[in-house]
Structure formats: C-alpha cells, structure tokens
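The sequence and structure are shown first.

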Amino acid sequence: MADPTPADVIVLFGGTGDLAQRMLFPSLYFLDADGFLAEPFRIVATARAEMDRAAFVDQVRSAVAARAEPEGLDAAVWDRFAARLDYVGADATTPKGAEALKAALNGARTPIFYLALSPSLYPSVCQALGETGLASPQSRIVLEKPIGHDLESSRATNRAVGEVFDEERIFRIDHYLGKETVQNLIALRFANTLFEPLWNNLTIDHVQITVAETEGVGDRWPYYDEYGALRDMVQNHMLQLLCLVAMEPPSDMEPDSVRNEKVKVLRSLRPVTRADAQAVSVRGQYVAGVVEGKTAAGYPEERGQASDTETFVALRADIDNWRWAGVPFFLRTGKRLPERRTQIAIQFKPVPHSIFGGSAKEDLAANRLVIDLQPDEDIELLLMNKAPGLSEAGMRLQSLPLSLSLAKAYSGPNARRRIAYERLILDVIGGNSTLFVRRDEVERAWEWIDGVAAAWRESQMAPKPYAAGAWGPAGAFALIERSGRAWYD
C-alpha cells in the first residue's frame with residue numbers, strides 16, 4: 001500500500017552531478033512554482049566536493065535558469081526555493097559522511113534519499129544510512145536505473161538495499177514512466193470503452209516500439225561498453241513501454257495492482273534461444289556516416305579501438321498469453337539514427353472485406369494508433385476518410401489523423417512541457433509508488449535480457465555495421481519484412 005505521509009526533506013546524493021543539475025533541481029523548482037512543495041519542505045544535496053552553501057546555491061541557480069528559458073526565473077519563486085536548499089560535502093558511502101548528513105537533516109521525520117549515483121555505490125550508501133539510523137521506517141529511497149548489469153548483479157544490489165529499506169519504501173525510477181503521454185496511454189486504454197475491447201489479437205496485427213537517438217556514445221563509451229544498447233535501453237525503458245501496452249486491466253490504480261499486471265507480461269515473454277537468435281534479433285554498431293547533415297565518427301573511432309558492443313538492437317518479442325498470441329512486438333533502439341524519436345505504433349488489422357472498388361480499394365489502409373513520446377508528445381489515430389472533391393473514377397479514400405496532441409490541447413502563454421521527473425518526484429513526496437518499478441519487475445526483465453545476451457553469445461552473433469544516419473543494419477529491415485510487415489518511418 002502507498003504511504004500517504006508527505007515527505008519533509010529530499011536528500012540528493014550526487015547533488016553536483018549531471019542528473020541532479022539538469023533534471024532534479026529544475027524539477028523541484030517547477031514543483032515549488034506550482035505550489036506542490038509545502039512548508040517547511042527542504043532540499044539537501046550531498047557530494048564529495050567541498051563547497052560552501054552560497055557557491056552551491058549559485059550553481060543550482062544557473063542550472064535551473066537554463067531550464068526555465070525563455071520565461072526565466074520567477075524572482076519570488078526562486079527566493080522561496082533557494083531558502084530550501086542546503087549542501088553537505090561528504091562521502092556518503094561511509095558512516096562518517098552519513099553522520100554529517102544526519103546533522104544537516106535536523107531531525108526530519110520522513111526523508112527521501114535520492115541516489116543520483118552509480119548503482120555500484122547503492123549498497124555502501126544504504127549500509128551507511130542504516131548504521132547511522134537515517135534509514136528509519138518512515139524514510140524512502142529512490143534508485144536510478146539500470147539496477148545491476150545482469151540478473152545476478154541486480155539481485156545482489158536489490159538484496160543489499162532491501163536489508164536496509166522495506167520494499168514499499170524503495171522507489172526504482174524510470175523517467176519514461178513520468179512522461180505525460182505514457183501516463184495517457186493508461187488513460188486511453190482504461191478510461192475509454194472504445195479501445196479496450198479491440199486491444200487484443202483479434203484486431204491488432206502487430207506493435208512497434210522505437211527509441212531512436214541521433215547522438216553517439218562519445219565519451220560515455222566506458223559505461224556503454226559494459227552495457228550496450230540491450231542493457232542500457234531495452235531492459236528498462238522499452239520493456240516498461242511494452243508492459244504498459246500489453247498488460248491486462250488492473251483492478252484499480254493501487255501500486256501493486258498495476259505492477260502485478262506488468263510482471264505477468266514479463267513472465268509471458270517468449271525466451272530468445274540460440275536456435276532462433278538470428279531470426280528474431282539484430283545487433284548493430286554504427287560506423288562513420290552523416291547525421292542531420294553533419295559528419296559523424298563511428299563507435300570504434302570514439303572508443304579508440306574496435307569493440308563488439310552493440311549500439312543498435314532490433315528484436316521481435318512474442319507474448320505467450322491469450323490476449324497477444326500471434327501478435328509480434330517489434331522493438332528497435334539505437335544511437336546515431338536519422339532522427340530522435342520515441343514512438344509506439346499499434347497497427348490494427350485491415351477490414352475483413354473491402355466494399356470499395358477501383359482506386360478506392362487501392363487507397364484503403366488499416367487503422368494505426370501512433371503514440372509519440374519525443375521529441376513531441378502526441379497520440380494519433382489514423383482513420384480512413386473519403387477524400388474531398390469529385391472524381392470520374394468514383395469515391396477516393398485517404399487516411400487522416402485524429403490527434404490527441406497535448407501541445408495543441410493545452411497551448412497558451414502559460415503552457416509548459418513538464419520534465420518527466422516532476423511527476424515522479426511528486427509521487428515520491430506523496431508516497432505513491434504506482435509509476436515505479438518493483439523488485440520482481442526488474443529481475444524478470446533482467447532474466448529475459450540475460451537470455452537474449454546468452455543467445456547472442458552462444459550463436460556468436462557479432463554486431464553488424466551500419467552507417468551513422470541510417471536506420472540500423474540491413475538485418476533490421478529483414479527482421480520485420482520476414483513477417484510481411486515494415487517499420488513505420
């Protein structure tokens with residue numbers, strides 16, 4: 001059950017790091033601007049760097065101001081927000097560092113510990129919090145993903161955190177679940193009688209999930225060489241999106257009701273084996289090419305030497321249950337692709353019989369529901385419509401989008417596209433874990449991903465090269481075309 005007791009302080013570990021500066025502090029500022037931070041809610045950052053409070057507040061001001069453009073900072077809101085800030089320079093992986101933090105918390109009753117750190121530090125931070133008594137029964141902890149590198153390391157990390165914090169106090173964050181359009185997918189499915197009766201293998205032909213990035217790996221290659229696209233993107237973001245599309249209707253919106261249904265989907269994923277790895281999966285690695293009109297180096301050049309790490313993955317995932325039997329889910333993600341796009345495309349089956357003849361019969365296309373998460377958030381339902389005008393050949397048809405664009409529906413001088421972390425931080429403050437990932441979800445996802453990686457290893461599947469600016473290697477197109485389908489580009 002969710003704990004409704006609101007938190008009174010949030011402690012940001014790694015408070016001088018990139019995630020805290022780009023996402024967390026701006027999110028907290030906007031929550032304050034909208035009146036969601038009650039008095040006397042406090043924000044305490046900690047990192048190893050020695051810094052006085054004034055210098056730290058200046059650093060946060062610069063970070064928040066960069067995200068507040070073009071409107072800029074509201075002076076009154078900033079003054080209120082700045083008064084909440086404090087900084088502790090300490091090594092929080094040690095009891096000594098945790099003691100320094102404890103003094104700064106000044107008896108806070110319901111603290112949030114947000115670990116914007118490398119997951120390898122989670123066990124030592126939790127141990128220090130436990131030894132100093134900061135990990136009280138009322139405290140909450142937020143963990144950034146990925147948690148672990150595989151099932152074994154994920155279990156070890158979860159076990160170490162679980163020795164200090166009860167499961168209902170652990171909030172494993174996936175920022176994709178904070179996006180408005182992802183949450184709107186839940187509303188679209190379960191708040192309308194129109195879609196849910198059609199959400200099955202009788203009317204849906206297949207589902208495509210694409211997470212495409214134009215950026216390369218760059219100087220992040222030490223991390224990327226360890227994880228690759230499979231563990232970096234598919235294990236968390238893409239499988240979470242798949243679960244939200246495929247899960248059964250929960251009994252209510254209580255955290256465990258929703259997460260139970262997602263776990264059922266993960267349990268129903270057909271394992272990828274050595275025998276079918278070549279047929280249902282593709283590994284790729286970008287080489288030099290052109291992205292958005294600019295020359296881009298290949299991954300081997302960025303890394304300084306050859307590597308067998310995949311920067312692109314395409315997969316066919318099958319869900320072996322009654323609702324989805326026979327409906328393939330095609331997943332693809334990669335670096336250095338032609339455009340930045342995160343999208344779910346749900347392709348419906350064609351009408352069973354066309355009454356139209358001539359050109360109209362050729363115009364007829366099956367309906368498609370397209371959910372865009374980035375760069376723009378939108379939901380479009382493509383419907384067939386009579387093309388306006390006269391024709392000697394008779395009626396002509398055309399496909400038109402029925403749009404649920406959030407930007408269009410909520411446009412105006414005060415409209416602002418929220419940072420996904422705003423929703424999630426607000427939920428942690430209120431103790432609502434519905435949009436967070438439970439331990440068994442994480443471990444089930446790793447179990448399936450480990451199976452894919454093992455199948456690649458056993459079948460000696462090396463990454464195929466693709467030019468930067470292309471949609472992956474040729475095998476990605478063959479993967480979907482073998483079933484008589486094509487990627488939605």
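## Second largest pocket

Strand β15 (residues 378–386) contributes the most to the lining of the second largest pocket, supplying 3 residues. The model discussed here is predicted. The space in this pocket amounts to about 340 Å³. Its lining comprises 20 residues, of which Phe348, Lys349, Val351, Ala366 and Asn367 lie closest to the centre.

Classified by residue type, the lining of the second largest pocket consists of 15 nonpolar, 4 polar and 1 charged residues.

## Largest cavity

A search of the whole structure returns 1 cavity of 30 Å³ or more. The volume of the largest cavity is about 40 Å³.

Which residues line the largest cavity? They are Lys145, Gln235, Asn236, Leu239, Gln240, Val437, Glu441, Val442 and Ala445. Helices α8 and α15 (439–458) each provide at least two residues of this lining, and α8 provides the largest share, with 4 residues. By class, the lining of the largest cavity contains 4 nonpolar, 3 polar and 2 charged residues.

In soluble globular proteins, nonpolar side chains tend to be buried together. In this model, the largest nonpolar core contains 144 residues, and those with the most contacts inside it are Phe25, Phe113, Phe329, Ile344, Ile346 and Leu369. Helix α8 (residues 221–246) gives the most to this core, namely 13 residues; α8 also supplies the largest share of the lining of the largest cavity.

With residues up to four places away in sequence left out, Phe25 touches Leu12, Gly15, Ala20, Ile43, Ala45, Phe56, Val60, Val64, Phe81 and Leu85.

Why is strand β4 (residues 111–115) described as largely enclosed by the rest of the structure? The description applies because 5 of its 5 residues are buried, that is, each has under 20% relative accessible area. In a regular strand, side chains alternate between the two faces of the sheet. Pro111, Phe113 and Leu115 point one way from β4, whereas Ile112 and Tyr114 point the other way, and all are buried. Phe113 is also among the core residues with the most contacts.

Strand β1 (residues 9–13) runs parallel to β4 and is joined to it by 5 bridges; Val9 has Pro111 as its bridge partner in β4. Strand β5 (residues 140–144) also pairs with β4 in the parallel sense, over 4 bridges. In that pairing, Ile112 stands opposite Arg140 of β5.

Conventions
Residues numbered from 1 in each chain as written. Predicted model: local features only at pLDDT ≥ 70, side-chain atom pairs only at ≥ 80, totals over all residues. Heavy atoms only, no water. 1 Å grid on protein atoms, 1.4 Å probe; cavity = no way out; pocket = protein on both sides within 12 Å on 5 of 7 lines; lining within 4 Å. Points joined across faces, edges and corners; volume = space filled by probe spheres on them. Nonpolar A, V, L, I, M, F, W, Y, C, P; charged D, E, K, R; others polar. Core = buried A, V, L, I, M, F, W, Y, C linked by side-chain atoms within 4.5 Å. Buried < 20%, exposed > 50% of the residue type's maximum accessible area, 1.4 Å probe, protein only. Contact = heavy atoms within 4.5 Å. Pairing = 2+ DSSP bridges.
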